[in-house]
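Keep the viewer open as you read.

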Amino acid sequence: MYYDRFTKLCEMKGVRPGAVSKATGVSSATLTSWKQGKYTPKPDKLQKIADYFGVSLDFLMEKSDFMQCPNCGFTYSPFSEIDIKAHADFHDRYERAASAYGYVPSESVAREARESFIKDFRNTSKSDSERIEAYEEFLKYDFLLDVIQAGYSPTIDKDKHDYREISALRIGYRTPEGLINAIRKRHGMSPIEDGYYENPEIAEWVQETFDDPDMHFLYKMKQKMTPERFKKHLEFMEDSYRLENPDDDFGC
Ligand SMILES: [Zn+2]
């Protein structure tokens, strides 16, 4: 059973069963018996074969006609002409974006990486250089997510993206001013000054995003308070914000 599907996968990948045997460790004898209908490989071997072709076990076992392209992530049926065409168009866009930006992961990979790096960036037990490195990785995946969400657009400007993100970094006890200024310096931006949200676009965005006028006056308050008191104030504000918005990953 399912050998026809195996044949189809070999055709699509342009490989012979012998090459599959070599790469997966499933013996040629097993594949031959399978072809002759004497024997269906055991589930662990079928899984190895499925992994080799980058398809699900359900697809290999004919429980599903849909597969996901391991590169662009498009889900389609290789038995439908319309699907094949749709995938080809999508894949083409993906390839163009991948060559424009060097690397484009799938949406789920980009999302997970982004989450994980933003956590590292916020982790106060890490060193500044580790946190800066994590922030650079966050910028990379956040940007790639924009690219993916724009249907693999090959024309999104990374510098503009980074400028917008960095401009929105808020001073907080988890994100000290020195760290923000080190990141700004790396990107050729001047240190944070009195005009904290110097980019009018960002200022407007922050205004809309936070229904919290205090945020806009943090910098000014810092100048009026002792460092100890200011830190306490930030902790209180950040903790109450986090309690109210547990899923928000802004405020890094
Ligand atoms: Zn594809």
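**Two crossing helices, then the rest**

Helices α2 and α4 sit roughly perpendicular to each other. This is a predicted model, by the way, so keep that in mind as you look around. The angle between α2 (residues 17-24) and α4 (residues 43-53) is about 105°, and their axes are 10 Å apart. On the α2 side, the contact is made by Val20, Ala23 and Thr24, and they meet Lys48, Ile49 and Tyr52 of α4. Sort the residues of this contact by type and you get four nonpolar, one polar and one charged.

Now zoom out. The protein has 13 helices and two strands. Its 252 residues include 18% that are buried. Take the contacts between residues at least 6 apart in sequence, and 45% of them join residues at least 24 apart.

The core has 21 residues, and the members that touch the most others are Val104, Tyr135, Phe138, Leu144, Val147, Ile148 and Tyr152. Pick out Leu144: beyond its neighbours up to four places away in sequence, Leu144 touches Val104, Pro105 and Ala110. There is also another core, apart from the largest one, with 14 residues, including Val26, Leu31, Trp34 and Tyr76.

From first C-alpha to last, the 22 residues of α8 reach 31 Å, close to the 32 Å expected at 1.5 Å a residue. Its buried residues are Arg131, Ala134, Tyr135, Phe138, Leu139, Tyr141, Phe143, Leu144, Val147 and Ile148. What covers them? The cover includes α6, α7, α9 and α10.

Just after the helix, Gly151 has a positive phi of about 65°. Then look at Tyr152, in the loop between α8 and α9: its phi is near 60°, positive in a residue other than glycine. Is Tyr152 buried or exposed? Tyr152 has 22 C-beta neighbours inside 10 Å, so it counts as buried, and we already met Tyr152 among the core members that touch the most others.

Glu62 belongs to the loop between α5 (57-60) and β1 (67-68). Here, though, there are 11 C-beta neighbours inside 10 Å, so Glu62 counts as exposed.

Last stop: Ile166, in helix α9 (residues 158-167). Ile166 has 18 C-beta neighbours inside 10 Å, and therefore counts as partly exposed; 20 or more would be needed for a buried residue. Which residues does Ile166 contact, leaving aside neighbours within four places in sequence? They are Ile183, Arg184, His187 and Met189.

Note on methods
Residues numbered from 1 in each chain as written. Predicted model: local features only at pLDDT ≥ 70, side-chain atom pairs only at ≥ 80, totals over all residues. Core = buried A, V, L, I, M, F, W, Y, C linked by C-beta atoms within 7 Å. Buried ≥ 20, exposed ≤ 12 C-beta atoms within 10 Å, placed from the backbone. Contact = placed C-beta atoms within 7 Å. Helix = DSSP H or I, 4+ residues; strand = E, 2+ residues; numbered from the N terminus. Axes fitted to C-alpha atoms, helices over the stretch in contact; angles between N-to-C directions. Parallel < 35°, antiparallel > 145°, perpendicular 65-115°, else oblique. Nonpolar A, V, L, I, M, F, W, Y, C, P; charged D, E, K, R; others polar. Expected span 1.5 Å × (residues − 1).
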